[in-house]
Amino acid sequence: MNIHEYQSKQIFKEYGLPVPNFLTANTTDEVLASAKEISDTNWVVKAQVHAGGRGKAGGVKVTDNLKEVEEFADKWINNNLVTYQTDDQGQPVSCILVEECTEIKKEFYLGAVIDRSTRSLAVMASPEGGMDIEKVAEDHPEKIFKVFLKSPSVGNEDHLPLAEGLELSEEQTKEFKDIFRNLVKLFFEKDLSLVEINPLVLNGSDNLVCLDGKINIDSNALFRQDEILELRDISQEEEKELRASEWDLNYVSLEGNIGCLVNGAGLAMATMDIIKLAGGEPANFLDVGGAVDEKRVAEAFKIILEDENVKAILVNIFGGIVRCDVVADGIISAVEGVGVDVPVVVRLKGNNSEIAKEMLGKTNLNIIAASELSEAAEKAAEIVK
């Protein structure tokens, strides 16, 4: 789950991470009042959406003119901001962050993420702050410094490789030590999957300040993070993905024309790969999970078909605990009930798969049975061609 920048900074404050003074507002009048309360001279105003690239898209403004603050609020409140991380529709802006202007002497990057290869928390820092960290990693990997932690327990010198990589002074290193400790504590206590401070800056007083903040929370841990869950902004979520989650379906829109309906995340990823190998393009990732019943399959079909680009659907189900003949019956009922008007290629493997294939072959529906996944992918790719 993602949260807004201002929500991230509120959490930063709770954990002792230094942030600029800020207020939030939902109307132009509130934005102006907040600006006057924050400062007499200089302000930073930021449109709040769950997407990066806001600055390049005009969603961030630094100004010393209250009129420009007002114009910024009028422009974005209740309108959509389009960035390179959104679709063509953009995301709705209902909140503006108003912040004091910070004098910047130097920008750094600081972030933390789960490193699956080492089964640990990787805390990363770079002197190339304010830039896309993936670009830095590609062009200047020597400028990214990392430490790996197996637990929230932080040693007295764990932060030093990062501080040295950032070339901090002795006093700044002391500040960084506290930031490092509090960041690690935050990550573990709030069940985060990602936290980024980009940039972490050295201000005019030579103090470190978290100028921006991004937090992603592990959705599987939200059952024990009630306060975090209250920060969810469903207006920032893609409508089909939101509806899918209500049916315990894991759905992500893609740009292809072959809809995918699969049970199991790993199998869904493999299905998309094989579609690509067959010369097709997957239109979505959709994992229906272990409970492949008629109602969930019907809802999955509805969500897939809302994408006008979908010209065929590939159903790939492995029957382990669930019987393939029961799944086949659910697919037939769902196709009839929903009124699926594109060809449906079905590959069922496992418990009673031969019976299921026979059932699918007897219908008058536009269902094409396949024995192997590669065969199913090739048939779907040929259909859309």
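The second largest pocket of this predicted model is lined by Val 113, Ile 114, Arg 116, Phe 187, Phe 188, Asp 191, Leu 192, Ser 193, Asp 218, Ala 221 and Arg 224. A pocket here is an open set of points on a 1 Å grid over the protein atoms alone, where a 1.4 Å probe fits, with protein on both sides within 12 Å along at least five of seven lines, and lining residues have an atom within 4 Å of a point. Strand E7 (104–115), helix H6 (170–189) and strand E10 (192–203) each give two or more residues to this lining, helices being DSSP runs (H or I) of at least four residues and strands (E) of at least two, numbered from the N terminus. Residues are numbered from 1 along each chain as its sequence is written. Local features need pLDDT of at least 70, side-chain atom pairs count only at pLDDT 80 or more, while totals for chains, interfaces and linings use all residues, and side-chain values use heavy atoms, without hydrogens and water.

Helix H6 carries the buried residues Gln 172, Thr 173, Phe 176, Ile 179, Phe 180, Leu 183, Val 184, Leu 186 and Phe 187, where buried means under 20% relative accessible area, exposed over 50%, and partly exposed in between (1.4 Å probe, protein chains only). Seen down the axis of H6, these buried residues fall within an arc of 155 degrees, taken from the directions from the axis to the C-beta atoms, so they line one face of the helix.

Just after H6, Asp 191 takes a positive phi of about 55 degrees.
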